[in-house]
Amino acid sequence: MKPLVIMSDFGLADGAVSAMYGVAYSVCEQLNISSLTHEIPQYNAWEASYRLIQTVGYWPKGTVFVSVVDPGVGSTRRSIAVETAAGQYIITPDNGTLTHVKHISGIVAAREIDESINRLPGSGESYTFHGRDIYAYTGARLAAGVIDFAGVGPEVDPESVVELPIAVATLEDNTIHGDIDVLDVRFGSLWTSIPRELFLRLGVKHGDRIEIMIENGARLVYRNSLIYARSFADAFVGEPLVYVNSLDRMAVAINQGDFSRAYNIGTGAPWTIQMRKSRLKEPSYGE
Amino acid sequence: MKPLVIMSDFGLADGAVSAMYGVAYSVCEQLNISSLTHEIPQYNAWEASYRLIQTVGYWPKGTVFVSVVDPGVGSTRRSIAVETAAGQYIITPDNGTLTHVKHISGIVAAREIDESINRLPGSGESYTFHGRDIYAYTGARLAAGVIDFAGVGPEVDPESVVELPIAVATLEDNTIHGDIDVLDVRFGSLWTSIPRELFLRLGVKHGDRIEIMIENGARLVYRNSLIYARSFADAFVGEPLVYVNSLDRMAVAINQGDFSRAYNIGTGAPWTIQMRKSRLKEPSYGE
Amino acid sequence: MKPLVIMSDFGLADGAVSAMYGVAYSVCEQLNISSLTHEIPQYNAWEASYRLIQTVGYWPKGTVFVSVVDPGVGSTRRSIAVETAAGQYIITPDNGTLTHVKHISGIVAAREIDESINRLPGSGESYTFHGRDIYAYTGARLAAGVIDFAGVGPEVDPESVVELPIAVATLEDNTIHGDIDVLDVRFGSLWTSIPRELFLRLGVKHGDRIEIMIENGARLVYRNSLIYARSFADAFVGEPLVYVNSLDRMAVAINQGDFSRAYNIGTGAPWTIQMRKSRLKEPSYGE
């Protein structure tokens, strides 16, 4: 018996998530089921992918994740289950939801769901709720040990798992170029694609000033020199800062404020960020 | 020990739902408790009824549902528990919350809660939180096997369970007349009262065009010819479609769009929908 | 094994809460974990404190609560665990989150978390997610019995636990002066600091009229004579009323309306409320 963790873009306002829970408990009433989030923006496989990489590493080995963010329900996209390098399982439509896990953690095996076996009995007439009829059902069977990983269906090449384009942060001329991957929705911080190790190659330490430049396409949206803080408490209330987020990547925030709203900064392809060590020795408010 | 599933209009922003969980776990720490939704619009027994019928069928036999959507807390409305034809239990104020379950699944037995027995000890001074003090407490006792169904209280006639008016969809002159029962909140689809079997009597098959007319009272709000799609993927992104929803009824949506917002269409009594087979052979975009 | 209940201001839109669950289940997969709420307004320790007192009393003895509302993450504020007079445990940054529990229920023992022992292995590089790396981890260990209360860390004086200023309601010249502590978010009721026992010293009984005066600083915002109702059903739909809330304190509401929005009334320091027995014998609509 392993934990079953469900994610979707369904929201919690209607009965869809509870129907998935019910199907899973009908497979095995003793299951340990919880929700990752159901507030993924509709059809946004990129954000689904990001929320998985933010979370899966903190769960026990063998945990089964079910993700249902599926613009192509009813299309020919495959339904797959993968085994990660860390020994966890993720069941999802093969639409890019596994991008970060494949890229960062690694996928060691993949199988396509055999719907002739792994489909809720009697559900054949509805073609629109695969989350309930296929994904939750198959995830529950795997978590409960009714089937093993091989029982999901025929093996497919892990390399064939669909990936969304993911830009790697680069360091050139003492400047790091990265993307704004995702928002910390509640607190308005910007989470970038820049890993801490790359950032440290700028030769900076806590308390130093970092020059930040944020662009939307070719348009400069924000430029400022920010403190590289060990944590929010190293900045004044209302002061912007650069810090290492809980994914070990660089993030930009305002202490007790909302960076994203303050400067109307979003996420995704057109948004880029540059970081370099500030050349000027600016006065530090904290001294 | 049976699953306990709780629904309310309390939202999740304060401690009310957790207090109900706490009362239930105080009855039995081993209980399996989860939430259907707590986002029912305040006092809306119709939507509570709809969310129950959307969900209960997917849960194991013997599951105990507690619904607390209660405009009449403290009034003389009864507090009841019912047994459905499928062998599940629902505990609720008797205010119409059981309309769809009674109409569609069937209720085989009903009991009025005896509050002299089934009330959280020491809770007599607060008259406003029956959800915690009576419903969650009684539901937990039933789910944990502390009481059996007869232990809820005296038997009442299942026929006496309050029903909200529910209009049955009709077929006349090759046109089906139905209601817009509820929104799929997150995706903006309209879920109608028209069962799939009735719809198929129009002699249509997947790929055919259906003429849709939506009225608010006497005012025509929407008229168009839509593809009858097996699933969203059969329509272009942004194209409207008619499909069979997860309750086996007809629904109207825009693929990756929001039908309800696009045309300002709501739910409830004044909203009606008509469907008939399109007479014109329109060009199919998909060909 | 005791229930673990988690509260935060993280919202449910990303993976933060699920990462905490994962850490806790990694300590012990058999844990019983649930959420109090994750919708505390950001950094609002006062509301966190209020939601705890609204809830903890309904949970079994020995339940472990983890609260992560933490404007000072990374600062020198202590991380503590306390034992309440009722035999429950609460783990939180020591920032006022325990104000109401200390004041109303009582704290009998307190310990500072020894982070050299009670910190998620390998989490030392991230300084920003103590909720996951310290609080959830320590809470899970305590709930699972991996450590006992003494294992949290060195004892500290319960009296030293930080309290936010809390005004006590007073009765003078037949008028009670109190504060508006918090909103019932979903229904717009105002929850005051006035205990039922103090209120009853006005010599009132159900059905009597109460004169209510609400001020924002020195500005009078609302003055009216309201029915003291046993429950909402004693008032007409749309009628305001005074009642005893689920915390055994006085509250003001509109039956099936939203008092807070109707009169633009908020909560916190500048908002005060007075109650006295109405001198005029007004006509009662209900007679």
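## Close-up views of a predicted three-chain model

View 1. At 6% relative accessibility, A:Leu31 counts as buried, where buried means under 20% relative accessible area, exposed over 50% and partly exposed in between, computed with a 1.4 Å probe on protein chains only. This is a predicted model, in which local features need pLDDT of at least 70 and side-chain atom pairs count only at pLDDT 80 or more, whereas totals for chains, interfaces and linings use all residues. Residues are numbered from 1 along each chain as its sequence is written, chains are lettered from A and ligands numbered from 1 in the order in which they are written, and side-chain values use heavy atoms, with hydrogens and water left out. A:Leu31 sits in the loop between α1 and β2 of chain A; helices (H or I, at least four residues) and strands (E, at least two) are DSSP runs, numbered from the N terminus. Although A:Leu31 and A:Leu4 are 27 residues apart in sequence, their C-alpha atoms are 7.3 Å apart in space. Neighbours within four places in sequence left aside, the contacts of A:Leu31 (heavy atoms within 4.5 Å) include A:Met1, A:Leu4, A:Ala24, A:Tyr25 and A:Ala140.

**View 2. The nonpolar core around B:Leu4.** The largest nonpolar core has 66 residues, of which B:Leu4 and B:Leu31 touch the most other members; such a core is a set of buried Ala, Val, Leu, Ile, Met, Phe, Trp, Tyr and Cys residues joined through side-chain atoms within 4.5 Å. Beyond its neighbours within four places in sequence, B:Leu4 is in contact with residues including B:Ala24, B:Leu31, B:Ile33, B:Val64, B:Val66 and B:Ala143.

**View 3. The seven-stranded sheet of chain A.** Seven strands of chain A form an open sheet with mixed pairing, in the order β2-β1-β3-β5-β4-β6-β7, two strands being counted as paired if DSSP finds at least two bridges between them. At the edges stand β2 (33-35) and β7 (155-156) of chain A, each with a single partner strand, so one side of each is left without a neighbour in the sheet. Strands β4 (residues 79-84) and β5 (residues 89-93) of chain A pair in the antiparallel sense over five bridges, and A:Ile91 in β5(A) is the bridge partner of A:Ala81. Helix α2 (residues 45-55) of chain A packs on the sheet, touching β1, β3 and β5 of chain A, and its direction makes about 150° with that of β1(A); axes are lines fitted to C-alpha atoms, for helices over the stretch in contact, and angles run from 0 to 180 degrees between N-to-C directions. Helix α1 (residues 16-27) of chain A lies across β1 (4-8), β2 and β3 (64-68) of chain A, running at about 160° to β2(A).

**View 4. Helix α1 of chain C.** Helix α1 (residues 16-27) of chain C has 12 residues and reaches 17 Å from its first C-alpha to its last, close to the 16 Å expected at 1.5 Å a residue, a span taken as 1.5 Å times one less than the number of residues. Of its 12 residues, 10 are buried, so α1(C) is largely enclosed by the rest of the structure; among them are C:Ala16, C:Met20, C:Tyr21 and C:Tyr25.

**View 5. Two aspartates with positive phi.** A:Asp173, a residue other than glycine, has a positive phi near 50°; A:Asp173 is found in the loop between β8 (170-172) and β9 (175-184) of chain A and is exposed, with a relative accessible area of 73%. For B:Asp248 phi is near 65°, again a positive value in a residue other than glycine, and B:Asp248 is partly exposed, with a relative accessible area of 25%.
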